[in-house]
Amino acid sequence: MIAAPEHALNQLAGLAYAKGHGTGNDFVLVDDPEGAITIDATAVAALCDRHRGIGGDGLIRAVRSADIAEGAEILNEDDRAEWFMDYRNGDGSIAEMCGNGVRVFVAFLIAQGHVTLEHGDALTIGTRAGVKHVVRTDNGFSVDMGPWEFIFPEAAEEKAIDSLVQTRGLDVDRPALSVSMGNPHTVVALADEDELQDLDLTRIPSVRPLPPHGTNVEFVVPAEPLVSHGVGNIAMRVHERGVGETQSCGTGACAAVVATRHWAAGNTPDQNQASEWNVNVPGGTVVVKFIPSPDGSEHVELSGPAQIVARGVIAGNA
């Protein structure tokens, strides 16, 4: 990450923040209901810097949908979406969506007293990937992530691969499958846990062809057997666009399951019996389920924990 100028944090002196995470995917959170605080890309990078800032995979600003342009569009889609998740990657770039971030965002809204959500209750929020519905569960939150789709559908359906990926730790290019969860993902299957652990994800993986807006890259190892007692299991590591390797990626977990299920179709008799999928990431485990939609599409549900772990105020260098 490029070091941000020292004055970036000085300009934010006095700003209250919280720190939260979902299975190790961590975020700086700022409460800005009226959309009055300006945090540009340089300031986001400074806040997320793990050595000279607070540290985080990204920044989430809680703002009422009516007070941000993208949120006003969301309200036209669903007027229940009072709150908008303004999410930026750790380098300051704008991101469409973050599955772990959505859960942490809702936990933050509850902690700030903006919403009350009992177990089983649902909350509608706005994101740059559209409206998301979040339900409070016994172990955190579940999120309807919306429909998935292949980024290169013809290649995906004909060959079950659409691109090649190279990264440190792999001796040859590996075939991959690209999936959109509102943001882009490219999924690579590996042979075993040793290959997964030997990856060096400190550099951006090379993806050919690269989706138009870049991509997150997931490396997965299916369990053996893939499905046990109706539950699918995979292990995953991820290099997130604009961040680097993270402990977890919610949308990436969904994309990884979509790709794994597609590869397994016709080869693993039990695979269609999987009612849910455990995705084991360095930061813990998230659960993915598929939900049929009346319009014929298939939605993906992601569930897992979310926790607010710290609060503070930016001191600056005065």
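Between domain 1 and domain 2 the count is one salt bridge, a salt bridge being a side-chain nitrogen of Lys or Arg within 4 Å of a carboxyl oxygen of Asp or Glu. The model is a predicted one, in which local features need pLDDT of at least 70 and side-chain atom pairs count only at pLDDT 80 or more, while totals for chains, interfaces and linings use all residues. Residues are numbered from 1 along each chain as its sequence is written, and side-chain values use heavy atoms, with hydrogens and water left out.

The protein chain is divided into domain 1 (5-137) and domain 2 (146-301), with bounds that come from an automatic or database domain assignment. The contact between them takes 17 residues from domain 1 and 18 residues from domain 2, where contact means heavy atoms within 4.5 Å. The centres of domain 1 and domain 2, taken over C-alpha atoms, are separated by 25 Å. The size of an interface is often given as the accessible area lost when the parts come together. Here domain 1 and domain 2 bury about 1,200 Å² between them, of which 46% is on carbon and sulfur atoms; buried area is the accessible area (1.4 Å probe) that two parts lose on being put together, summed over both. On the side of domain 1, the most area is lost to domain 2 by Thr 23, Asp 57 and Glu 96, which together account for 39% of what that side buries.

The side chain of Glu 96 meets that of Arg 241 in a salt bridge (2.7 Å, N to O). Thr 23 has a phi near 50°, a positive value in a residue other than glycine, and is placed in the loop between β1 (16-22) and β2, strands being DSSP runs of E of at least two residues and helices runs of H or I of at least four, both numbered from the N terminus.

On a 1 Å grid over the protein atoms alone, a cavity is a set of points where a 1.4 Å probe fits but cannot get out, whereas a pocket is an open set with protein on both sides within 12 Å along at least five of seven lines, and lining residues have an atom within 4 Å of a point. Grid points are joined across faces, edges and corners, and a volume is the space filled by probe spheres set on the points.

The largest pocket has a volume of about 600 Å³ and is lined by 25 residues, of which His 239, Gly 242, Val 243, Gly 244 and Glu 245 lie nearest its centre. At least two lining residues are supplied by each of β14 (231-240) and β15 (244-246), and at least three are drawn from each of domain 1 and domain 2. By class, this lining has nine nonpolar, eight polar and eight charged residues, with Ala, Val, Leu, Ile, Met, Phe, Trp, Tyr, Cys and Pro counted as nonpolar, Asp, Glu, Lys and Arg as charged, and the others, Gly among them, as polar.

The cavities of 30 Å³ or more number two, and the second largest cavity holds about 60 Å³ of space. Among the residues that line the second largest cavity are Asn 89, Cys 98, Asn 183 and Arg 241.
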